[in-house]
Amino acid sequence: MSKNIPLISDFIYYYRKYSASPYVRKRVVLISIGAFIYFIILGLFIKYDIDRTIIEPLVEPIEKAGIVMLYFLQVLFSLTPFPDNFLIYVGTVVFGPLETFLAIYASYLTATSMSFYIARHYGRERLIRRFPKLINKIDGYDHRLMPHHLIMYRFLAFSSMDYLAYIAGFSKISFKSYLISSAISMPFQIFPAILIVMGLFERNPMYMVLIYIALFTTLLSIAFIVRKFGRATNGKN
């Protein structure tokens, strides 16, 4: 009976499809650990009534640097293999959700465009010689690159470095199609991180419930998009 419930059937389908992969199992473990740590932190924030006024002295130097600095830092980190999601969390605490979203969204589009043009200009072989690990990432994707495929791949990438931009740059897809697909998918990558931070500081029960409903709805939307475009790309086995 549970298989007829969309969310549960999605989970069962993708678990069977990807659970054999050590890479996916590792990511599931990391996400589970991250969720566990988050709820511990949330409990501490609620217990000790930690709010923005308490951490204001810690974030004041970053606040003085301005939102433009957040934009440039995110562009820089997005072009490297180093983790960059922490900038969304820091930005939400320091500047608030709206300004952080606009800065991160603009920086994501800037960085992914730069990576795309680097790949298209220098070519596959030259970049692989410079970054040998690229070949493992490239071989993990279906080579049928179309805009709707890229939307799904964006959610499955699970990588700090934007390997997808290089893969698209090596292909024959147009920059316009690539940019549109990125513009559609990237907000879904930013919203959850912003909502997670907002949930830590919200004390009004009604708003807190609304934040976590929005977070759940966003994650559910991502699962729906992956399943829909996954069928279009590979078919359901």
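Predicted model: local features only at pLDDT ≥ 70, side-chain atom pairs only at ≥ 80, totals over all residues.
1. Helix α4 comprises 12 residues, 67-78. The distance from its first C-alpha to its last is 17 Å, close to the 16 Å expected at 1.5 Å a residue.

2. Which residues of α4 are buried? They are Leu70, Gln74, Val75 and Ser78. Seen down the axis of α4, these buried residues fall within an arc of 135°, so they line one face of the helix. In general, an α-helix has 3.6 residues a turn, so residues three or four places apart point the same way.

3. The cover over the buried residues of α4 includes α5 (86-95) and α6 (97-122). On the face of α4 turned away from the buried side, the exposed residues are Val68, Phe72 and Leu76.

4. As to the chain as a whole, it contains 12 helices and 0 strands. Of its 237 residues, 38% count as buried. Among contacts with a separation of 6 or more, 75% come from residues 24 or more positions apart.

5. The chain exposes about 14,100 Å², and carbon and sulfur atoms supply 70% of this area.

Technical notes: Residues numbered from 1 in each chain as written. Heavy atoms only, no water. Helix = DSSP H or I, 4+ residues; strand = E, 2+ residues; numbered from the N terminus. Expected span 1.5 Å × (residues − 1). Buried < 20%, exposed > 50% of the residue type's maximum accessible area, 1.4 Å probe, protein only. Arc of directions from axis to C-beta. Contact = heavy atoms within 4.5 Å. Areas by Shrake-Rupley, 256 points an atom, 1.4 Å probe, with all protein chains shown as cover.
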